[in-house]
Amino acid sequence: QVQLVESGGGLVQPGGSLRLSCAASGSFFSISAMGWYRQAPGKQRELVAHITGGGDTRYADSVKGRFTISRDNAKKMVFLQMNSLKPEDTAVYYCKDEWRAQWGQGTQVTVSS
């Protein structure tokens with residue numbers, strides 16, 4: 001069993017930046033692909049960014065060039081750097097251990113002036 005705890009969400013103005021963090025517990029973190037997802041009110045949860053254990057990444061078209069996913073295997077952490085934020089980025093952001101299909105509790109990101 002793995003536990004995932006997200007942090008770093010908050011209220012930010014359009015054009016601003018936030019860095020989300022996900023702290024993982026449990027074994028074999030370094031070999032598990034990890035994902036950041038988001039869910040806006042009334043919408044389905046969607047994949048935002050994905051990173052393999054080896055560091056290969058992919059992104060949703062809507063965030064390419066603005067968001068960067070990274071990981072620190074020694075610290076069992078995954079990060080999502082979000083730049084040039086837009087109001088449509090407002091959502092609850094979730095971290096997911098793709099190997100174990102385990103979710104964190106989510107962190108709210110609100111982009112508003």
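Rings of Phe, Tyr and Trp (its six-membered ring) pair if their centres lie within 6.5 Å; planes under 30 degrees apart count as stacked, over 60 as edge-to-face and the rest as tilted. With that in hand, three aromatic pairs turn up in a search of the whole structure. Please keep in mind that this is a predicted model, where local features need pLDDT of at least 70, side-chain atom pairs count only at pLDDT 80 or more, and totals for chains, interfaces and linings use all residues. Residues are numbered from 1 along each chain as its sequence is written, and side-chain values use heavy atoms, leaving out hydrogens and water.

**View 1. Phenylalanine 28 meets tryptophan 99.** The ring centres are 6.3 Å apart and the planes stand at 85 degrees, so this pair is edge-to-face. Distant parts of the chain are linked here: phenylalanine 28 lies in the loop between strand E3 (18-24) and strand E4 (34-39), and tryptophan 99 in the loop between strand E9 (91-97) and strand E10 (102-103), 71 residues apart. Strands (E) are DSSP runs of at least two residues, numbered from the N terminus.

**View 2. Tyrosine 94 meets tryptophan 103.** With centres 6.2 Å apart and planes at 85 degrees, the two rings form an edge-to-face pair. Ring pairs link Tyr37, Tyr94 and Trp103 into a cluster.

**View 3. Two arginines over phenylalanine rings.** A charge sits over a ring if NZ of Lys or CZ of Arg is within 6 Å of the ring centre and within 35 degrees of the ring normal. Arginine 19 places its charged end over the ring of phenylalanine 79, 4.0 Å from the centre.

Terms used. Helices (H or I, at least four residues) and strands (E, at least two) are DSSP runs, numbered from the N terminus.
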